[in-house]
Amino acid sequence: MVERRPVGTLITHLLLILGVVIIALPLYVGFVGSTLSFDQVTTVPMQMTPGTHLVDNYTQVLKSGSTKGSNAPVGTMMWNSLVMALAIAIGKIAISILSAFAIVYFRFPLRYTFFWMIFVTLMLPVEVRILPTYKVVAELGMVNTYWGLTLPLIASATATFLFRQFFLTVPDELAEAARIDGAGPMRFFVDILLPLSRTSMAALFVIMFIYGWNQYLWPLLVTTSEDMYTVVIGIKRMVAGGDTLVEWQLVLATAMLALLPPAAVVLAMQKWFVRGLVDSEK
Amino acid sequence: MEKRVVFESRWLPYALVAPQLAITLVFFFWPASQALYQSLLIQDAFASKSQFVWFDNFVALFNDPHYLASFRVTAIFSALVTVIGLSVALFLAALADRVVRGAKLYKTLLIWPYAVAAAVAAVLFVFLLNPTLGIVTHLLRRIGIDWNYLLDPGQALTLIVIAAVWKQISYNFLFFLAGLQSIPKSLIEAAAIDGAGPWRRFWTIAFPLLSPTTFFLLVVNVVYAFFDTFAIVDAATSGGPVQATSILVFKVYQDGVQALDLNGSAAQSVILMAIVIALTVIQFRYIERKVQY
């Protein structure tokens, strides 16, 4: 800050703390609710300090889900979410880095056509073409499979662009030296380009993992059997049981479990997360 | 930009782009063209016969009061989400930019709503604002506000706006903070020497210099409010009460998946595609010009 204004600094801190508290409030109340018994959570007003049912509620949902609405175990859902998030993150990175390599390091007919075909996918989020995409997946027999859950979401241009931008900044001398030494393109790719791309890959991984884990509309359509639900869908199915019947303590325990992995990834990899966010919007 | 040094191979580049191209063709171009084609047809729910009707589906949509109402709801919703989300985030970022101690801690505490799934955020707010159990509902009753978003259209809209803004604040905050931190300190100091207070300095120096960031976030937030809020609407209000929160992307789903009106839904998809393409073009043209003060 430019000038010293102790009162101003104090007010700034107070306002920031207020902001943090307001933003954390839904998470805190959700956490408290997940540690109470059914009777406690339905008492108005609910207590604002954690109760003693934390272990009970979490083991109950992980092993056998809620008793109303959906009774699929949340443990299975967490596994499905994990598979989906990892498959989307790794799949996107893998196919994008290959196509970016081809587009940057080779001259071939149709190069621009391919580039534009990939580019156009930036513009259309899955939300606007859900039904036809569902039809394609159904015709391929991929409903209720991990393939159906992940493949349609892997088609995206963001990662390809990011790698393309990055490859363009790699000095030409490296490729030249590799060629003079007699290394073929794949050798150059594996031994030089991949190690150089590690930071970009880490940043993308964080963003894509969160993207995959938090998907909603697509899994809602493609998973009809309970053992394929992702945890985000599982929560929605638990709430759908009706207003008074909702076992909020179990719903909230599931919600806490659902937000734990992506939150942990963001906190543990904060540096990559911020970088990935900024890079993927360029 | 082009590489000077390239590799030679007849088949390798095709093999390298093949996986992405195959997925793009099967899950992107084919469905998108199907949506375009379907939007020009009328068929019954069992797809036994269909008839080519040119733009009748679109004409029908724009004569449908429900669809026009959905347009209005979407416009109000995205305007509120964008304006409130950007203002709150800018306010917090300006504060965080001022503090010397603890700036990192505030940043860490403010960024993680980004990791929370939209549907989970919706469920948390539904719990807080539940008509019977909600703790905030209880406080509102005490000050004489009767809160029941299941019956009151305005309150239902308020609920999804709050959840959508909460979810997006981290993102806006990060970009605003990065923008503010890239403003040269010498400019701020010069203004301070000339006697401008913090308030004046913010509005005459920082805010104009932030305009590229603000514009970028404006487009991103409109796109977010239009498309990524489906989960919030579906998990919190399911479009109700009486269509009061049925935004366009929710209506595509409702008409297509639940009511099985394939052609009407496809026509709505096409309209949404046109909106996204328009927004993307605006964004790219702007970024290309790189307008700076």
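Two residues are taken to be in contact if their C-beta atoms, placed from the backbone, lie within 7 Å. By this criterion, 82 residues of chain A are in contact with 78 residues of chain B. On the chain A side, the greatest contribution comes from helix α1 (residues 6-33) of chain A, with 13 residues; helices (H or I, at least four residues) and strands (E, at least two) are DSSP runs numbered from the N terminus. The side of chain A that touches chain B comprises 59 nonpolar, 14 polar and 9 charged residues, where Ala, Val, Leu, Ile, Met, Phe, Trp, Tyr, Cys and Pro count as nonpolar, Asp, Glu, Lys and Arg as charged, and the others, Gly among them, as polar.

The model is predicted; local features need pLDDT of at least 70, side-chain atom pairs count only at pLDDT 80 or more, and totals for chains, interfaces and linings use all residues. Residues are numbered from 1 along each chain as its sequence is written, and chains are lettered from A and ligands numbered from 1 in the order in which they are written. Chain A has an average pLDDT (the predictor's confidence in each residue, from 0 to 100) of 85, with 93% of the residues scoring at least 70.

Chain B contains 13 helices and 2 strands. Its radius of gyration is 24 Å, well over the 19 Å that the globule rule gives for 293 residues, so chain B is more spread out than a compact globule. The radius is taken over C-alpha atoms, and the rule is 2.2 Å times the number of residues to the power 0.38. The C-alpha trace of chain B spans about 75 × 75 × 30 Å along its principal axes. Of the contacts in chain B with a separation of 6 or more, 68% are between residues 24 or more positions apart.

Buried residues (20 or more other C-beta atoms within 10 Å of their own; exposed, 12 or fewer; partly exposed, in between) make up 43% of chain B. Leaving aside neighbours within four places in sequence, Val120(B) is in contact with Val232(A), Ile235(A), Ala255(A), Ala258(A) and Leu259(A).

Pro13(B) lies in helix α1 (residues 12-38) of chain B and is buried, with 26 other C-beta atoms within 10 Å. Residues up to four places away in sequence not counted, Pro13(B) touches Ala102(A), Phe106(A) and Phe108(A).
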